[in-house]
Number of protein chains: 2
Amino acid sequence: MDRGFAARLDASDPLAFARDRFELADGIVYLDGNSLGAMPRSVPGALSDAMHRQWAADLITSWNANGWWELPGRIGDRIAAMIGAGEGQVICGDSTSVQLFQLLTAACRLRPGRSVLITDGNSFPTDQYLADAVGRMLGLTVVRVHPNNLGEYLTEDVAAVAFSMVDYRTGELFDAAGITAAVHDSGALMLWDLCHAVGALPVALDDLGSDFAVGCTYKYLNGGPGSPAFAYIAARHLTNADLPLTGWHGHRAPFDLEQQFEPSATIERARIGTPPLLSMLALDAALDAFGGVDMAAIRTKSLALTDLVIMYADSELAGCEVSVVTPRAHERRGSQVALRMPHAYEVCQALIARGVIGDFRAPDLLRLGFAPLYLRYADVWDALVALRAVLTEGEFRRPEFAVRSAVT
Amino acid sequence: MDRGFAARLDASDPLAFARDRFELADGIVYLDGNSLGAMPRSVPGALSDAMHRQWAADLITSWNANGWWELPGRIGDRIAAMIGAGEGQVICGDSTSVQLFQLLTAACRLRPGRSVLITDGNSFPTDQYLADAVGRMLGLTVVRVHPNNLGEYLTEDVAAVAFSMVDYRTGELFDAAGITAAVHDSGALMLWDLCHAVGALPVALDDLGSDFAVGCTYKYLNGGPGSPAFAYIAARHLTNADLPLTGWHGHRAPFDLEQQFEPSATIERARIGTPPLLSMLALDAALDAFGGVDMAAIRTKSLALTDLVIMYADSELAGCEVSVVTPRAHERRGSQVALRMPHAYEVCQALIARGVIGDFRAPDLLRLGFAPLYLRYADVWDALVALRAVLTEGEFRRPEFAVRSAVT
């Protein structure tokens with residue numbers, strides 16, 4: 001295994017063409033696309049049009065003339081096609097946190113008399129915070145359970161279960177089919193958080209029978225910083241999902257300007273207020289980077305990239321106190337590799353100084369994310385060589401790499 | 001009174017210089033800046049920088065390197081300066097609807113044992129819908145009261161009162177000082193919705209003693225379509241405002257990634273999830289259009305513009321079944337004029353065909369909004385002459401102007 005091996009993988013990579021769809025600086029290996037995806041080249045032109053033609057020239061008429069009103073549903077349908085959902089079940093808008101509040105409340109309201117909401121105590125904090133917020137509002141008990149230990153907790157008291165499909169730290173991909181089936185067997189409803197899955201691996205929401213899902217669009221979907229999240233409501237729940245944030249965009253007839261809220265009978269009921277259209281239009285354009293790309297091809301390359309990292313860690317970093325935390329089994333692996341090591345923070349900073357951008361997760365994880373559309377095998381190889389150098393040459397011990405910034 | 005009169009007002013207008021700060025098409029008189037403000041010329045360059053340098057080049061490091069993390073508070077402080085609020089009390093993010101849910105819940109939670117939430121049955125529907133949503137969540141009764149009739153409803157059962165400072169249809173500006181004082185006398189808390197006030201007239205939130213406020217930024221602040229809203233929490237409530245949407249950005253130490261939510265002790269607690277940064281950066285740049293402009297000068301010109309419309313309606317449209325709905329008293333007038341007339345919808349469409357863009361509010365109002373930064377008196381004069389022509393020549397009866405679009 002050498003750089004030539006990686007270069008040969010690039011030469012035969014069916015997704016190699018897609019890198020040119022992104023604006024990426026030379027000399028950077030970007031392994032944090034699971035936090036913020038790179039910028040598709042389709043975005044600047046679209047935003048220029050959004051500013052000069054749609055906003056400045058067409059002004060308020062753009063709501064009709066340029067389809068602004070339909071955008072949340074139109075983007076939603078584009079995302080639906082990437083997560084195995086039929087049309088009319090996904091809406092785009094607001095943040096993941098807000099969408100979690102919306103859909104967790106709706107899920108629990110569909111199971112009156114049940115008093116428990118289950119979330120994962122290892123999931124990203126906002127998932128836990130919003131579960132607690134919903135539990136408080138509805139008078140439910142929130143129980144933190146690891147997805148792999150769910151079985152014993154699935155009593156008839158459980159109203160809903162909300163898990164991230166991929167652990168944001170370890171990269172573990174959970175058994176979505178098995179978990180969803182077990183949740184349904186207990187009579188509860190299932191919500192999947194797809195933040196670390198959408199755009200990185202195939203998701204089959206309709207086939208899973210998932211009831212609800214949320215996800216962000218600024219990671220593997222490359223929608224831009226803070227681009228709006230999405231919400232999925234299975235068709236069978238569309239007319240009875242009782243959402244707490246009853247903004248006027250979710251009304252069945254918003255322009256009748258009625259005094260009483262009556263929800264739309266469609267996925268439009270999950271709209272709230274006026275969405276941030278410049279961010280939405282950037283996202284809409286960004287999704288073009290997936291044009292003609294099959295999610296199975298993305299998955300194949302994602303696994304090959306993470307295989308390369310794991311093989312390298314096993315062979316070349318064996319003496320460096322580095323251990324692979326991410327599952328080795330393909331069916332349990334997302335599109336990232338978490339490496340446990342002493343001084344992970346300093347190692348991450350030393351890598352950034354070398355142009356290899358990953359991130360650190362306390363207390364001891366170096367987390368590397370792999371976006372198959374724009375990463376080359378040879379770049380990943382170079383990043384691994386840099387990692388070995390940082391570790392074996394003690395470079396991470398330089399004092400500047402121990403400085404903690406306020407925001408990490 | 002003739003076009004020369006208007007032109008002379010332009011010649012002596014101390015805000016005349018500001019029009020060049022906006023990209024506006026020739027031949028359009030834009031009287032709907034109270035729905036979507038025009039585009040400041042400062043925006044495209046800022047968004048180009050946001051895309052190419054901050055997103056594409058600096059990537060994830062922008063959260064630190066380009067101050068993304070601080071943006072909600074930094075924009076909040078800029079808005080605070082425009083609404084008479086000291087620093088550290090305003091945060092920018094999410095939609096007005098979401099912010100109403102947040103702050104109405106916090107207000108009512110600060111008055112436990114009180115069972116009534118008052119809103120205005122004439123206010124924009126989302127204000128009413130979210131009041132109902134909060135009432136339902138907290139088990140409160142929502143009572144709809146006109147702001148001018150509030151007195152008799154202010155019992156010791158009232159937890160909070162939420163009014164728009166300006167009626168979105170009639171343009172009536174309410175007695176904010178008198179209402180706030182009366183609400184406080186009853187022991188309740190006051191929330192002002194500033195959507196139709198911010199950027200159009202001076203607001204003195206701290207002096208009023210207002211407890212909470214929300215507002216949007218895409219009207220008179222010209223932040224762009226759907227640009228994020230803002231939330232004001234008076235300093236005295238910052239450590240005890242108990243907000244329902246406990247997203248991780250509002251945590252006292254978000255990067256500790258703790259399992260339990262602990263709110264920030266500052267206005268940062270009103271943050272929720274990751275904000276739509278491209279829309280936020282556009283808004284930040286758009287606010288530059290107010291640079292060096294005093295809100296008192298804006299108010300003076302706003303009143304002069306609406307005076308011109310009212311005088312014209314009284315004198316030139318006297319025989320056209322047109323009546324002025326907006327209060328004539330300056331202290332009761334926002335920055336718009338609502339004209340009641342038969343066939344208001346068709347008249348509005350006929351005006352748009354002539355390049356005069358206002359809007360229609362059912363059943364019989366033509367609503368004209370006046371943004372003093374970019375409107376010229378002579379343009380407004382031309383719009384009024386066009387209105388008279390549409391009315392007196394029967395132009396509004398042409399069948400194409402009766403066609404209703406899905407979105408109005």
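Helix 2 of chain B passes helix 9 of chain B in a right-handed crossing. A crossing gets that name if the near helix is turned clockwise from the far one by less than a right angle, and it is left-handed if anticlockwise. Helices here are DSSP runs of H or I with at least four residues, strands are runs of E with at least two, and both are numbered from the N terminus.

Before going on, a word on the model: it is predicted, so to speak of a local feature takes pLDDT of at least 70, side-chain atom pairs count only at pLDDT 80 or more, and totals for chains, interfaces and linings use all residues. Residues are numbered from 1 along each chain as its sequence is written, chains are lettered from A and ligands numbered from 1 in the order in which they are written, and side-chain values use heavy atoms, leaving out hydrogens and water.

On the helix 2 side of chain B, the contact (heavy atoms within 4.5 Å) includes V43(B), L47(B) and W55(B). Helix 9 of chain B brings in L278(B) and A282(B), among others. By type, the contact residues split into 10 nonpolar, two polar and no charged. Nonpolar covers Ala, Val, Leu, Ile, Met, Phe, Trp, Tyr, Cys and Pro; charged covers Asp, Glu, Lys and Arg; the others, Gly among them, are polar.

Helix 9 of chain A also meets helix 9 of chain B, again with a right-handed crossing. Here L277(A), L278(A), S279(A) and A282(A) touch L277(B), L278(B), S279(B) and A282(B).

Axes are lines fitted to C-alpha atoms, for helices over the stretch in contact, and angles run from 0 to 180 degrees between N-to-C directions.

| Helix pair | Axes | Angle |
|---|---|---|
| Helix 2 (42–57) and helix 9, chain B | 8 Å apart | about 140° |
| Helix 9 (277–286), chain A and helix 9 (277–286), chain B | within 7 Å | roughly 135° |

Helix 9 of chain A is therefore oblique to helix 9 of chain B. Under 35 degrees counts as roughly parallel, over 145 as roughly antiparallel, 65 to 115 as roughly perpendicular, and the rest as oblique.

**Two copies, one axis**

How do the chains relate? Turn chain A by 180°, with a shift of 0.0 Å along the axis, and it lands on chain B with an RMSD of 0.0 Å. The two copies are thus related as by a two-fold rotation axis.

**The sheets**

Chain A has an open sheet of seven strands, ordered 4-10-9-8-7-5-6, with mixed pairing. Two strands pair if DSSP finds at least two bridges between them. Its edges are strand 4 (90–92) and strand 6 (141–144). From one strand to the next, the twist averages 15°. Strand 8 (189–193) and strand 9 (212–215) of chain A run parallel, joined by three bridges, and L191(A) stands opposite F212(A).

In chain B, a four-stranded open sheet goes 11-12-15-14, paired antiparallel. Strand 14 and strand 15 (365–369) of chain B share three bridges, and F360(B) has L366(B) as its bridge partner.

Notes: Least-squares fit on C-alpha atoms with pLDDT ≥ 70 in both.
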